[in-house]
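Open the structure in your viewer and keep the selection tool handy.

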Amino acid sequence: MRSKAISRILFSVGVITWLALLFTDISILLSSVNTIKPDLPVWLPGIILNLFIVSLFYYYKIKIERDEVLNFVDLLWRVFATGLIATVISLGLRLIEYLLGDTTLTRHIVFRDLVYIINLGLMIGFLMMAFAAWKRLILYQKSKWLLRLWAFFEIGLLISLVYNSFKFPLVEWLYGTLLGVFVVVGLVLSGNMKWVAFLNFRQKWTSLLLLLLTVFYLLYIFYTNSSLSESIGNSSPYFTEYRYHVFILSLIVFVTIYSIFSFLVILFNLPTTSVFEQKLEEVVNFQRISQSIQTEQSEESVYNILLETSVSSVFADAAWLEINSNAHEHKIFTYKITDKESYDIINHLKSQNVKGVLDQGSEKTKNLSKHLASLKGSRFRSILAFPIYVKGQNIGTLALLKELPESFNREMTKIVSTFSNQAGISIENFRLMEEALQNERYKEELKIAKMVQKSLLPTILEQDQDFDIAAFSESADEVGGDYYDTLRIDKHLISIIIADVSGKGTTAAFHMSQMKGIFHSLAQRDIEPSEFMVQANQALVYCLERGSFISATYFIINTQTKTIRYARAGHCPVLYYCADSRSSQYLKDKGVALGMVRNKTYSSFIQSNVFQYKPGDIMVLYTDGVTEAKDGKGEEFGYDRLLSIINEADGMSPSEIQNHLINKLYEFSGTSNIDDDYTTMIVKFK
Amino acid sequence: MIHIKRLQEDGADVIALIGEIDASSSIELDLSIAKSVGEGFKKILVDCSALEYISSAGLGVFMSYIEEFKDRNIKMVLFGMSDKVANTFSILGLNELLQIGKDKSQAKQLINEV
């Protein structure tokens, strides 16, 4: 908004100064023709002219330099339009003059001066416009040096206005020197034509036309002004003569030279435009391939982009991309060629026994054109093939085809090779990202499985007056398959189970939930522990996959008869502390884990055992995580350590024993970072 | 980590297990037994003398072949186990299901029994 207001002010200043110039110049001229001493000082119009120049200079500076959206052709168009307006007005004046004919009015000095001042204003406006536009073009790709030179040129020109305002007779020689310096600097600056390269073919043609007309306008305006000033000069020397004005002359030379230079450079650049455009397209294509990794949803779109970009970069007539997902699976993406045609060529090259990239054997890209010559019925005469590598593994081949023989050059080979490399990287990144995503999903799954597993363990254990009970379970980062539970059968009977599912992860949690279901249905009734195992085995055979099994021990405590019946199916032997003898022992007996024998013979591999318990006796149930816990040296916690810890535990409550055991276990392993599941269940009889 | 060596002796395939078998290395054990079966061996001896540890997953591999071997009349005998490894087998009850010999000569005797 502010710059808009300033540009308006500058424009009005321009108009006012121009009017002031008109009146002062006419008044002085009139006085001099009539040989009266003018009322105004003769140097006044010169100063007003310079003010006019300065206001226009800043007006265009703001208008052109601040406009970010202008492109090169827009700039040229603006200059052209300004020139057109100036020329049309000037021609209009000529027409009026012509229509009026050779009268006293047209011959009158005031009329001629009016026409002259109008033309001068138009010319200066046109020059300033062109100056501002050329500045932008010259400084398009600027260096420090260029910026300094331009600053020198611009400031130098403005300072020359001061020189023009006062006619220093003593420094007459300065005039020639200044003009010479500005012309030379202008010439040097005119060498900056980098913007031309960024025009496309159409823009170049438009620019040529605009520049040509601009040059014509310039020449016409120069001619008009110089003839007008000459005709007035013949009558009187006291008028605003621009022909000795350093600023205007320098500007005329500079603007004209740059216009002509630009025209010629664009003209000579025309034939090579397509090359530059192609390079630009390669860069854009390359970017597309690089970016495809962030935006594309599938490998397939990366393949399609590779195909498209390669084709457009080398102007191929057709192309295909063969991807080998594995040894037997091939996928083909084609461009302007049918699958059949592609396979014809592939098979032809195979039958010719070409050891190129098509047979995935060679690492080098090869021009296989000579082999195509022998294929009848194919319209293609040139072929270029590239392997695509992902993590050093050849995943496919890109083949480009042309109808003309020998039409792929070295440049094209390089470009497409770069593309296929980049595509390989994109696909690799894509796969890595997918893997990471998969891992994330797997982790999420584990989290759920762990939650399920935790929820399967009982929060409250069955209580009885005859014993105290405590249980503890801790699982590693991965989900384990430790399970324990209690269930009251009737007033005197309580069943207890401890189990360990082989394997880890979601399947372990799944099997654990099956075990829980089996326990809760079978332990409802008082059945022999061995019968419990036989039935559980029978049920599990249908759910456990090959190689999976569950080890378990099932107990029924009878508080009336003070007996414990149990069956051990491959689970860690129970550690039993006898209060009478103050010693403990492992109850070793026969028993095969559930799921190992998958037929009716299982009953012969399991047995029920029975023994009496006495007050003070302790029964320790655990999983192999306890005995197999390792210390820093790799030694296992083992059965002996467990036994001696329980021997120390006389007088402790089950939860105290449990804490003691856990502390000892952590102390032994020397880390709280466990890599297995620990589960213990301790029953102490009263 | 497990290292598995295979060599043939008197018409039997001897699979030597060196190191530890855990969940990930159990796959290798499975593969080498499957390979031996695939090559048509009817007698398989598993040398466990250098086996330091076997996890439940490793035991599961042996277990998974029991029925198949019975059906196809393939004999497998394990031998040379350390006490610790033997204990792992016996706790699960696998000693009831698999033939386990003390040493190689006993294992050969076992495998040649009809």
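A crossing of two helices is left-handed if the near helix is turned anticlockwise from the far one by less than a right angle, and right-handed if clockwise. This is a predicted model, where local features need pLDDT of at least 70, side-chain atom pairs count only at pLDDT 80 or more, and totals for chains, interfaces and linings use all residues. Residues are numbered from 1 along each chain as its sequence is written, and chains are lettered from A, ligands numbered from 1, in the order in which they are written.

**Stop 1: two helices.** Select residues 201-235 of chain A, helix α8, and residues 246-269 of chain A, helix α9. (Helices are DSSP runs of H or I, at least four residues; strands are runs of E, at least two; both are numbered from the N terminus.) The crossing of α8(A) and α9(A) is left-handed. On the α8(A) side, the contact includes A:L211 and A:F222, and on the α9(A) side A:I260 and A:F263. (Contact means C-beta atoms, placed from the backbone, within 7 Å.)

**Stop 2: chain B.** Here you will find 5 helices and 5 strands, in the order β-β-α-β-α-β-α-α-β-α. Among chain B contacts between residues at least 6 apart in sequence, 68% join residues at least 24 apart.

**Stop 3: B:L45.** Which residues does B:L45 contact, leaving aside neighbours within four places in sequence? They are B:A12, B:V14, B:V77, B:F79, B:A107 and B:I111.

How values were computed
Axes are lines fitted to C-alpha atoms, for helices over the stretch in contact, and angles run from 0 to 180 degrees between N-to-C directions. Two residues are in contact if their C-beta atoms, placed from the backbone, lie within 7 Å.
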